[in-house]
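Please look over the following structure with its charged side chains in mind.

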Amino acid sequence: MQTFGRIEKSSIFSPCDDGEEGINSCCGPSFYREAHRQCHKIPAVLAAVSDYTEAAETPSEALMGMLQAGIIPVTPFQQNCTIFFDPDTKEGVVVDPGGDVPLILQAIAQNGLTIKEIWLTHGHLDHAGGASELKEALGIDVIGPHQDDLPLLQRIETQAEKYGMSGLRNVVPDRWLKDGDKISFGAHEFEVHHTPGHAPGHVIYFNRAQNFAHLGDVLFNGSIGRTDLPGGDHQQLLDSIRDKVLPLGDDVGFICGHGPGSRIGDERRSNPFLQEIKPRSI
């Protein structure tokens, strides 16, 4: 486990060699679309969000520390468990602790962070499977996703058995989220957008002050979320991207659930799956 610290964007995601071991090597799960099936090195370190996107110049920014984000790949699916935190107060939240909770706790302790809440983007096992364990370890609440993902959250243990994974547990959040909600830690506020398609209750988190989002498994660098799992709907996912993600703005940088992040504008222009998006019917 590397110590958290500011790093350059170019060093966050780089090709890894076959056979490299430990938490810094990962390969995307075999069932993801070919465009998303690439090998990346994702160090468990924190970078300022400005490494992903230019921070918005707003009056509120002068009143808040620079939001930072750390990625810890967890589970055999190498899901991007993310820690958002304020470097001044050392307060933060954990987004999508899908498993490997000892690694998450180690990162928290090594960096002297106080985690206030757990935020979930959706109910798939690789995103929510460690939430119950982390909640018990830290004595904090689980927030999100939308209530439409309750059936998925209640089947995590069953799904884990099918994949031969142990230690993942079902979870019921302390608070459900809905479209238009706002959640925060310290001075860092995030808007909540309900974005079904990959999962019925999927939500994304947008920090308007720093022009930054966590998109979960809705949109990837060069791909989109799969829709062949229970509750998935391809057209609904494209509609969510059209109506909730693209309007955030081309200059918005994002972390996603697997692989490297990107900017919305880059994906609008080059992501082949976004070419399928149809204008809203009047």
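K135 counts as partly exposed at 25% relative accessibility, where partly exposed lies between buried (under 20% relative accessible area) and exposed (over 50%), computed with a 1.4 Å probe on protein chains only. This is a predicted model, in which local features need pLDDT of at least 70 and side-chain atom pairs count only at pLDDT 80 or more, while totals for chains, interfaces and linings use all residues. Residues are numbered from 1 along each chain as its sequence is written, and side-chain values use heavy atoms, with hydrogens and water left out.

**Salt bridges and K135**
- The structure holds 13 salt bridges, each being a side-chain nitrogen of Lys or Arg within 4 Å of a carboxyl oxygen of Asp or Glu.
- K135 pairs in this way with D141, their closest N and O atoms lying 4.0 Å apart, and D141 is partly exposed at 37%.

**K244 and D179**
- A salt bridge joins the side chains of K244 and D179 at 3.0 Å, N to O.
- Because K244 lies in helix 6 (residues 234–245) and D179 in the loop between helix 5 (156–162) and strand 9 (182–185), the pair ties together parts that are 65 residues apart in sequence; helices (H or I, at least four residues) and strands (E, at least two) are DSSP runs numbered from the N terminus.
- K244 is partly exposed at 23%, and D179 is partly exposed at 39%.

**Helix 7**
- D266 and R269 form a salt bridge at 2.9 Å, N to O, and both lie in helix 7 (residues 264–270), three residues apart, about one turn of the helix.
- D266 is partly exposed at 34%, whereas R269 is exposed at 57%.
- A network of salt bridges links D250, D266, R268 and R269.
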